[in-house]
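Please read these notes with the model open beside you. They begin with the sheet and then move to the core, a loop residue and the aromatic pairs.

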Amino acid sequence: MIKPGSDSPMEIQFTVDLRRYLPEGENIAISNLSGIESLKLSEIKCEPFVATLERVISIMKSIKTSFPGIKSAFACELMSGMGFREVLKMNKKEWERSLTSGRSSPMLTNLGVISPYPLLFGETVIKDAYLVTPAFHTPAFMLGISTYQETLTLTAGYYEPAIRKENVDCLLGLVAGELISCHDS
């Protein structure tokens, strides 16, 4: 689905919980304080999966030591001083670039634990709960993960025809298969 050019690295963006930077009493769980980071990885032809995974781990360790999410939080802070039309114009320009190229870096987000125990709606026990990943704009794609009572749910936000449902179903199946195989071993 990503199809980067042969000379450009593949990129995946992921959210970072910024509450880690707040004093202990002020990191309210319900608030959405998220930043964005990017992991860029060049393709190495015929590289074994384990070698690719080791490169991903190395890059993630580097990201984790560099105050992850702070740059995007700072950018948002700068935008808060700009006018609405200026920010809208900037966002439209980025969206148009994605539309023209037909490419957009996929995003991964951990939407979090909804509740580790059953929730009640009045007298009714909530059996299933999950958060739905937003769909930003075509051709953007976001894979989201949320948990309710030890049940992990994957959701995907995307637009057809830029991203085909069959490809998303295949990806979700592959991720679910990997998670199940990790749980079984």
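1. Five strands form an open sheet in the order 2-1-3-6-7, with mixed pairing. Strands pair here if DSSP finds at least two bridges between them. Strand 2 and strand 7 (151-157) are the edges; each has a single partner strand, so one side of each lacks a neighbour in the sheet. On average, neighbouring strands are turned by 25° against each other, direction ignored. Axes are lines fitted to C-alpha atoms, for helices over the stretch in contact, and angles run from 0 to 180 degrees between N-to-C directions. Helices (H or I, at least four residues) and strands (E, at least two) are DSSP runs, numbered from the N terminus.

2. Basis of the model. This is a predicted model: local features need pLDDT of at least 70, side-chain atom pairs count only at pLDDT 80 or more, and totals for chains, interfaces and linings use all residues. Residues are numbered from 1 along each chain as its sequence is written, and side-chain values use heavy atoms, with hydrogens and water left out.

3. Strand 1 and its partners. Strand 1 runs antiparallel to strand 2, and eight bridges join them. Asp-17 stands opposite Ser-34 in strand 2. With strand 3 (residues 107-115), strand 1 pairs in the parallel sense over two bridges. There, Gln-13 has Met-107 of strand 3 as its bridge partner.

4. The other end of the sheet. Strand 6 (residues 142-148) and strand 7 pair in the antiparallel sense, over seven bridges. Ile-145 has Leu-154 in strand 7 as its bridge partner. Helix 4 (residues 165-184) lies across strand 6 and strand 7, and runs at about 155° to strand 7.

5. The core. Which residues make up the largest nonpolar core? Its five residues are Phe-14, Val-16, Leu-39, Leu-41 and Ile-63. Strand 1 (10-17) and strand 2 (34-41) are the elements that give two or more residues to this core. Such a core is a set of buried Ala, Val, Leu, Ile, Met, Phe, Trp, Tyr and Cys residues joined through side-chain atoms within 4.5 Å. Buried means under 20% relative accessible area, exposed over 50%, and partly exposed in between (1.4 Å probe, protein chains only). Leaving aside neighbours within four places in sequence, Val-16 has contacts that include Leu-33, Glu-37 and Pro-68. Contact means heavy atoms within 4.5 Å.

6. A loop residue. Lys-45 lies in the loop between strand 2 and helix 1 (49-64). Its relative accessibility is 66%, so Lys-45 counts as exposed. Lys-45 and Leu-88 are 43 residues apart in sequence and 40 Å apart in space, C-alpha to C-alpha.

7. Aromatic pairs. The whole structure has two aromatic pairs. In one, the ring centres of Tyr-21 and Phe-67 are 6.3 Å apart and the planes are at 45°, so the pair is tilted. Rings of Phe, Tyr and Trp (its six-membered ring) pair if their centres lie within 6.5 Å; planes under 30 degrees apart count as stacked, over 60 as edge-to-face and the rest as tilted. Tyr-21 is partly exposed at 31% relative accessibility, while Phe-67 is exposed at 58%. Phe-141 and Tyr-158 also form a tilted pair, 6.5 Å centre to centre with 40° between the planes. Phe-141 is buried, at 7% relative accessible area, and Tyr-158 is partly exposed at 22%.
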